[in-house]
Each structure stands twice: as C-alpha cells, then as structure tokens.
Amino acid sequence: MSEQASAQQSPPEDGQGDDGYRLPEMSLSLQWPIIMSVVLGMIAIAAAKAIGHPFVGLYACFGLFLGLVNLWLVQRSVAKVTAEANPSKQLMALSSFKRLGIISLFALVVGFLDRPDGLGVFLGLAVFQVVFLLNAIVPVLKGLRQHS
C-alpha cells in the first residue's frame, strides 16, 4: 500500500474531519458513572424497601455494579486491541462475546435462584445502560453546541 493511500485511510491526529468538524472528546473516566450508580443504587434500595422488597434494591445495586465492571472491561479491551499495529475485529468481537456472556450468566443465575427479587439485577443492568448512554451523549452534545 502506498504512503499516500495509508495517509488517506488513517484518521487525522487532531480529531478534525475533512469538513473541518472536530470530533468531541469522549469521556473515558468512570467517575460520573460510579457517582450516578451509587446515587441510583441508594434510591433503588429506598424504593424497594418502601414497597416491601428490600432485596430487589440490593440486587439492582448488583446489576449497577455489573454494568460498571462491564464498562471498565470494555475500556481495557479497547485499549488493548487498539494499541496493536493492526487491530483485530475478531479479537474485539470475541472479547465482547466472552464479557457479555459472563455478565449475562451472573445475572441469569441470580435472577433465577432468587425469584422474584433477583430480577432486580436486570433492573440494575438496564438502569446502568441509561447512565452509560448519558455519559456518552453529554460530551457529544456539548461538542455539537460549541460547533454550531
């Protein structure tokens, strides 16, 4: 492959595209998701206790924790794969499959063994996805606002 062709395929180092638009920086910090998970976990415990199922709140906290572990493992996996000279899509896919399989297995086992309260794990995982999306969207929206 020629040097010119490889230069065209690689992303610009300053994060700026051909149209002059600079991509917003994504937050790699776990600080915001951890804080939100703790706050939402406390709310889940209080709400579950109020309806007479305190273990639903505890299991929801476990689901939030599993979501945080997943996010941390995603960051490690992406950093490891992208550090290679030729990142492998297959390696990334296999890593995702193993990680999500293990987390799903934990959630299914807990949800099945302690029904109905154990289903709080799925509630925690679902709520964490909202936290994660907000963590990813807010910097993008700020970047778009600055661009316009």
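## Helix α5

Helix α5 counts 28 residues, and its first and last C-alpha atoms lie 41 Å apart. That is close to the 40 Å expected at 1.5 Å a residue. The model is predicted.

The buried residues of α5 are Gly-120, Val-121, Gly-124, Leu-125, Phe-128, Val-131, Asn-135, Pro-139 and Gly-143. They pack against three helices: α2, α3 and α4.

## Overall fold

The chain holds 5 helices and 0 strands. Read from the N terminus, the order is α-α-α-α-α. Of the 148 residues in the chain, 23% are buried.

Residues 24 or more positions apart account for 66% of them.

## Helix α2

Helix α2 covers residues 31-50. Its 20 residues should span 28 Å at 1.5 Å a residue, and the end C-alpha atoms are 29 Å apart, which agrees.

Pro-33, Ser-37, Gly-41, Ala-44 and Ala-48 are buried in α2. Seen down the helix axis, the buried residues fall within an arc of 75°, so they line one face of α2. Gln-31, Met-42, Lys-49 and Ala-50 are exposed on the other side. The cover over the buried residues of α2 includes α3 and α5.

Where does Ala-46 sit? Its place is in helix α2. Ala-46 and Gly-57 are 11 residues apart in sequence, and their C-alpha atoms are 7.3 Å apart in space. Gly-57 is one of the buried residues of α3.

## Helix α3

Helix α3 has 29 residues. From first C-alpha to last it reaches 42 Å, close to the 42 Å expected at 1.5 Å a residue. Its buried residues are Val-56, Gly-57, Ala-60, Gly-63, Leu-64, Leu-66, Gly-67, Leu-68, Asn-70, Leu-71, Ser-77 and Val-81. What covers them includes α2, α4 and α5.

Phe-65 also belongs to α3. Is Phe-65 buried or partly exposed? It is partly exposed, with a relative accessible area of 48%. The C-alpha atoms of Phe-65 and Gly-124 are separated by 8.0 Å, while the two residues are 59 apart along the chain. Gly-124 is among the buried residues of α5.

## Ala-107 in helix α4

Ala-107 is placed in helix α4. It is buried, and its relative accessible area is 0%. Which residues does Ala-107 touch, not counting residues up to four places away in sequence? They are Val-121, Phe-122 and Leu-125. Val-121 and Leu-125 are among the buried residues of α5.

Ala-107 can also be placed relative to Phe-62. The two residues are 45 apart along the chain, and their C-alpha atoms are separated by 8.9 Å.

## The largest pocket

The largest pocket has a volume of about 280 Å³. Its lining consists of Leu-73, Arg-76, Ser-77, Lys-80, Val-81, Leu-91, Leu-94, Ser-95, Lys-98 and Arg-99. The elements that give two or more residues to this lining are α3 (54-82) and α4 (89-113). By class, the lining residues divide into 4 nonpolar, 2 polar and 4 charged.

Ser-77 is one of the lining residues, and it lies in helix α3. Its relative accessible area is 10%, so it is buried, the cut-off being under 20%. Leaving out residues up to four places away in sequence, Ser-77 touches Met-92 and Ser-95. Ser-95 lines the largest pocket too.

## Backbone details

Two backbone sites deserve a note. Just after α2, Gly-52 takes a positive phi of about 90°. Further along, a cis peptide bond joins Arg-115 and Pro-116, with omega at about -5°. Pro-116 is in the loop between α4 and α5.

For context, most residues other than glycine have a negative phi, and most peptide bonds are trans.

Definitions and conventions
Residues are numbered from 1 along each chain as its sequence is written. This is a predicted model: local features need pLDDT of at least 70, side-chain atom pairs count only at pLDDT 80 or more; totals for chains, interfaces and linings use all residues. Side-chain values use heavy atoms; hydrogens and water are left out. On a 1 Å grid over the protein atoms alone, a cavity is a set of points where a 1.4 Å probe fits but cannot get out, and a pocket is an open set with protein on both sides within 12 Å along at least five of seven lines; lining residues have an atom within 4 Å of a point. Grid points are joined across faces, edges and corners, and a volume is the space filled by probe spheres set on the points. Helices (H or I, at least four residues) and strands (E, at least two) are DSSP runs, numbered from the N terminus. Ala, Val, Leu, Ile, Met, Phe, Trp, Tyr, Cys and Pro count as nonpolar, Asp, Glu, Lys and Arg as charged, and the others, Gly among them, as polar. The expected span of a helix is 1.5 Å times one less than its number of residues. Buried means under 20% relative accessible area, exposed over 50%, partly exposed in between (1.4 Å probe, protein chains only). The arc is that of the directions from the helix axis to the C-beta atoms. Contact means heavy atoms within 4.5 Å.
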